[in-house]
Amino acid sequence: ANISSQFLHTRLETESIKTDIRARAVGQTMPSINTEILKITPVVLPPSIVEQKQIGLYFAHLDHLITLHQRKFKTLKKLKEGVMQKLFSQEVRFKADDGSDYPNWKTKKIGDVCTQIKETIDPMANPKKLFVEYSMPAFDNEMKPEVVYGNTMNSIRKVIGSPCVLINKLNVRKRRIWNIVNPEDNAVCSAEFVPLTSEVMNLSFVAYFALTDWFTRYLLECSTGSSNSQKRVTPDVILNIKMPIPCLAEQQKIVDCLSSLDHVIEKQKATLAAWEELKKGLLQQMFV
């Protein structure tokens, strides 16, 4: 048959074809396919090679555009990492609004400037009460806390009654740093988080510091446990970390700088997601 290779590539990306191929895969542990399976996979084609080429070319242009947005997203994230490195190493410093230098940074233990929230609650003792839960799965789900009844949580939770920064002590390689600016009523968090509050620090600054490579490496070195996914640190490890601390005014300027970058990154992430969703929708409509 006379088939456009670009069209065939596009056609193989559709969910219907993927589902059919998965159904034909062989093997229990590691299902796989071979050339013969692909040969017998039915594919509906436009009769005109010209139309095939037009469709293939359109999706090739769309893929190119998506790739450009992916690169921009990665570049922005890399830029933020570089800016954070320069800011927290003090290679780059801000000046006061009048042009004068801010005071030198001081180094203190996190536990000297932040307090660990220790108040706990047993949700099972309030089975019909609604809680706003900050959990590990909720963090992974685009950092969206869940509204749940007490009887759905079968272990002790920590009470989040004031602004705080949640730092995960389990599997620290995956940075689950959650800055809770305005906690809802009846907010609680998983015991796998260490919630830190402070009356002398900008908590957003603390959160950004906890996202640095240095902070992660330190926690990894202090982690203990049987496997990588189950390794954890104790709260004392976090509280004893030495943090470089500028004055509050410079802390705010650092936060403003990094949050501006975050805003640009989130906009780019949304743009990328929109293009990917457009392609998915077009594939579905074109090959129903």
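So, is W214 buried, partly exposed or exposed? At 40% relative accessibility, W214 counts as partly exposed. Here, buried means under 20% relative accessible area, exposed means over 50%, and partly exposed is in between, with a 1.4 Å probe and protein chains only as cover.

Quick housekeeping before we go on. This is a predicted model, where local features need pLDDT of at least 70 and side-chain atom pairs count only at pLDDT 80 or more, while totals for chains, interfaces and linings use all residues. Residues are numbered from 1 along each chain as its sequence is written, and side-chain values use heavy atoms, leaving out hydrogens and water.

Okay, aromatic rings. A pair of them is described by the distance of the centres and the angle of the planes. Rings of Phe, Tyr and Trp (for Trp, the six-membered ring) pair if their centres lie within 6.5 Å; planes under 30 degrees apart count as stacked, over 60 as edge-to-face, and the rest as tilted. This structure holds 10 such pairs. Take Y134 and W178: their rings sit edge-to-face, 4.8 Å centre to centre, with 75 degrees between the planes. That pair links distant parts of the chain, since Y134 is in strand β4 (residues 130–134) and W178 in strand β8 (residues 177–180), 44 residues apart. Helices (H or I, at least four residues) and strands (E, at least two) are DSSP runs, by the way, numbered from the N terminus. Both Y134 and W178 are buried.

Back to W214, then. Its ring and that of F209 have centres 6.1 Å apart and planes at 35 degrees, so this pair is tilted. F209 counts as buried, because its relative accessibility is 4%. Ring pairs also link F88, W105, F205, F209, W214, F215 and Y218 into a cluster.

Now have a look at the loop between α6 (136–140) and β5, where you'll find E142. E142 has a positive phi of about 60 degrees although it is not a glycine, and it is exposed, at 56% relative accessible area. M143 lies in the loop between α6 and β5 too. Its phi is positive as well, about 55 degrees, and M143 is not a glycine either. With 38% relative accessibility, M143 counts as partly exposed.

Last stop: Y149, in strand β5 (residues 146–149). Y149 is partly exposed, with a relative accessible area of 42%. What I'd point out on screen is where Y149 sits with L130 and V147. Those three form a nonpolar patch on the surface.

Conventions: Patch = residues over 30% accessible without salt bridge, like charges linked within 9 Å, V, L, I, M, F, W, Y side chains within 5 Å. Areas by Shrake-Rupley, 256 points an atom, 1.4 Å probe, with all protein chains shown as cover. Salt bridge = Lys/Arg side-chain N within 4 Å of Asp/Glu carboxyl O.
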